Amino acid sequence: MDSKRTAKENGERARQKELKNNPGGSLRDGVDGGAGNGNMTDIAGDMGWKGMVLLIVLLIAGYVIYQLFFS
């Protein structure tokens, strides 16, 4: 069953292990913007291509609606 883990699961398992060994390290990751803790540095990788296309379409639609009402 261990061979079927995804890379994301392996990364999370390694992060949890590191957190147990070094609890102060997570504080520094939050300040430095370490990847994988829910910040915006890896948004495109987490969403996939469908989510990224949806985000772009929503941004364009929002801009068009904004221009219609405020111009």
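**Aromatic pairs.** I looked up the aromatic pairs in this predicted model and found a count of one aromatic pair. The partners are Tyr66 and Phe70, whose ring centres lie 5.1 Å apart. I noted an angle of 40° between the planes, and the pair is tilted. The class follows because planes under 30 degrees apart count as stacked and those over 60 as edge-to-face, with the rest as tilted.

**Position of the pair.** I then asked how Tyr66 and Phe70 are placed along helix H3. They are four residues apart in this helix, so about one helical turn separates them.

**Exposure of the two partners.** Is Tyr66 buried, partly exposed or exposed? I recorded a relative accessibility of 47% for Tyr66, which therefore counts as partly exposed. For Phe70 I recorded a relative accessible area of 62%, so Phe70 is exposed. The cut-off for exposed is over 50%.

**Nonpolar surface patch.** I next looked up the nonpolar patch on the surface, whose members include Tyr66 and Phe70. Ile56, Ile60, Tyr63, Val64, Ile65, Leu68 and Phe69 are also among them. Together the residues of the patch have about 1000 Å² of accessible area. I checked Ile60 in particular: this residue lies in helix H3, which covers residues 43-70. Ile60 counts as exposed because its relative accessibility is 51%.

**The whole chain.** Finally, I looked up the protein chain as a whole. It has three helices and zero strands, and from the N terminus the order of elements is α-α-α. The chain has 71 residues, of which 3% count as buried. It exposes about 6500 Å², and I noted that carbon and sulfur atoms supply 63% of this area.

Terms used
Residues are numbered from 1 along each chain as its sequence is written. This is a predicted model: local features need pLDDT of at least 70, side-chain atom pairs count only at pLDDT 80 or more; totals for chains, interfaces and linings use all residues. Side-chain values use heavy atoms; hydrogens and water are left out. Patches are made of residues with over 30% relative accessible area and no salt bridge: like charges are joined within 9 Å, nonpolar side chains (Val, Leu, Ile, Met, Phe, Trp, Tyr) within 5 Å. Accessible areas come from the Shrake-Rupley method with a 1.4 Å probe; for residues, only the protein chains shown count as cover. A salt bridge is a side-chain nitrogen of Lys or Arg within 4 Å of a carboxyl oxygen of Asp or Glu. Helices (H or I, at least four residues) and strands (E, at least two) are DSSP runs, numbered from the N terminus. Buried means under 20% relative accessible area, exposed over 50%, partly exposed in between (1.4 Å probe, protein chains only). Rings of Phe, Tyr and Trp (its six-membered ring) pair if their centres lie within 6.5 Å; planes under 30 degrees apart count as stacked, over 60 as edge-to-face and the rest as tilted.
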